[in-house]
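Please look first at how the chains are arranged, and then follow the explanation below, which moves from the place where two chains meet to the packing inside one of them.

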Amino acid sequence: MDAFNPSAIAVERLTKVYKGTTAVDGISFRLPAGSITGLLGGNGAGKTTTIAMIMGLVTPTAGTVSVLGASMPKERYRVLHRMNFESPYVDMPMRLTVRQNLAVFAQLYGVADIAPRIASLAADLELTEFLDRPTGKLSSGQKTRVSLAKALINNPEVLLLDEPTASLDPDTADWVRGRLEQYRVAHGATILLASHNMNEVERLCARVIIMKKGRIEDDDTPARLLARYGRETLEEVFLDVARGRTEQHEAVQ
Amino acid sequence: MNSADAGLEFSLNRVGAMVRRYWYLLRSSWPRILDLIYWPTVQMLMWGFLQLYVSQNAGFFATVGGVFIGAVLLWDILFRGQLGFSISFLEEMYARNLGNLMMSPLRPVEFIAALMIMSLVRLSIGMVPVSLLAIVFFGFNLWAFGFALAAFFANLILTSWAIGIFIAGVLLRNGLGAESLAWTIMFLFLPLTCVYYPVAVLPDWLQWFAWILPPTYVFEGMRALLIDHVFRADLMLEALALNAVLFAAAAIAFVKLLASARVQGSLLQTGE
């Protein structure tokens, strides 16, 4: 990150069109270093495409993305070792043991002391007893923890999470959220979290960006969103936005 | 943009990480190892016994022992070399791991280097035992080719890698819908590169096409060695020049297909 660009992630008029269909439509936002932001939206709102463009996996049709001062995807190799991600669209190789998988990714990310790093992560994420088990033999919750361990293997400064607690039971999901919050506080990491889970966003995020049909419909703190829509939960705010009920409409009602 | 930004920087450590990943996978599954040896053995035995039968009943073949077995073994270097490269790549797609790799600091050139190394590892596991079996069953010693074998091998493996790189690009761009190409494309080369017969057998117009394929020179070279006892260095050099062109074309195609995959958004969703 340079002195002129204090944002860890800066998105300017970002657009993605797939074969005539606009998936992301000219969105802009900046995420300060050390912040945790929720990206909310229904299916097809453009959350995953936005995250994929931030990661450099998808080339924007128009607009710019900058991560830690590097223009994505053109300068991605300058910063990829300082980022990481977790997504339901990818898996860890199932036949490899947890230890083998983490060792491969640690080496890819240039982690200096691989064995102690794996041991420490495994202890933090309660994976020690599973380290020598094939990843494919683990339960869904255990696999999510392995994916999280991979996402944290390089102590990333920017962490992109796409539905990190999808398919987890409430207890495990809550445990994962706690670990993410701990990580952010301990490392000052910037976290962008795409989710359908309103409780998750409400609990973790200081800021919420709500997307609909590729556009940003609203962008504020959870408290201000609740106040503005006159609602008690973010789920109700989300439903208002998803169904096109505006704050003024609510006021008239 | 400097070379690091362009993904041209090269790290042996990251190549080592990928080789480690494929080695873990290979050693965790005995059917994968068995598969590497099974088909080359069956092929070699079938063609070897056929040659034995023909040579006992036809004067010409009695004087050129080993042409069929030699052709089978060299063909397997070409075919298994490409398959070894492509299968390692496909394993990433089956495992839904490509997104993890593409999002990591691993450069495309390092990924390709790791796939090349694994192609050699898989080829060695399959071909070394089979070449020894050829000695036991038919008295055919591929290793006796000496320097010629090194020249044949280098040219065949270069072609197999070039095809593998191109197929990897197509898979990135089109997903597993293009998987069958990885398994079958080399069979297009089987009749055209004249594995089991001289180029002169082909019609004139097809000979022109055969001579633009590097393996054709290798198989002609092998026949020259076994039948005329002459090592045709000229053929090997021509094959090497064609391989350089083929390899460069495959690398360019890969880069363009990867860029297209980023535009189409197919790197995260690499299914059918």
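A crossing of two helices is called left-handed if the near helix is turned anticlockwise from the far one by less than a right angle, and right-handed if it is turned clockwise. With that in mind, and remembering that this is a predicted model, we can turn to helix α2 of chain A, residues 98–108, which passes helix α1 of chain B, residues 12–27, in a left-handed crossing. The axes of these helices come within 8 Å and cross at roughly 165 degrees, and because angles over 145 degrees count as roughly antiparallel, α2(A) and α1(B) are described as roughly antiparallel to each other. In this contact, A:Gln100, A:Val104, A:Gln107 and A:Leu108 of α2(A) meet residues of α1(B), among them B:Ala17, B:Arg20 and B:Tyr24. By class, the contact has 4 nonpolar, 4 polar and 3 charged residues.

Within chain A, helix α4, residues 140–152, packs against helix α5, residues 170–187, at an angle of about 10 degrees, with the axes 11 Å apart, which makes α4(A) roughly parallel to α5(A). Here A:Gly141, A:Thr144, A:Leu148 and A:Leu152 in α4(A) meet A:Thr172, A:Val176, A:Arg179 and A:Tyr183 in α5(A), and the residues of this contact divide into 4 nonpolar, 3 polar and 1 charged.

Note on methods
Residues numbered from 1 in each chain as written. Chains lettered and ligands numbered in written order. Predicted model: local features only at pLDDT ≥ 70, side-chain atom pairs only at ≥ 80, totals over all residues. Axes fitted to C-alpha atoms, helices over the stretch in contact; angles between N-to-C directions. Helix = DSSP H or I, 4+ residues; strand = E, 2+ residues; numbered from the N terminus. Parallel < 35°, antiparallel > 145°, perpendicular 65-115°, else oblique. Contact = placed C-beta atoms within 7 Å. Nonpolar A, V, L, I, M, F, W, Y, C, P; charged D, E, K, R; others polar.
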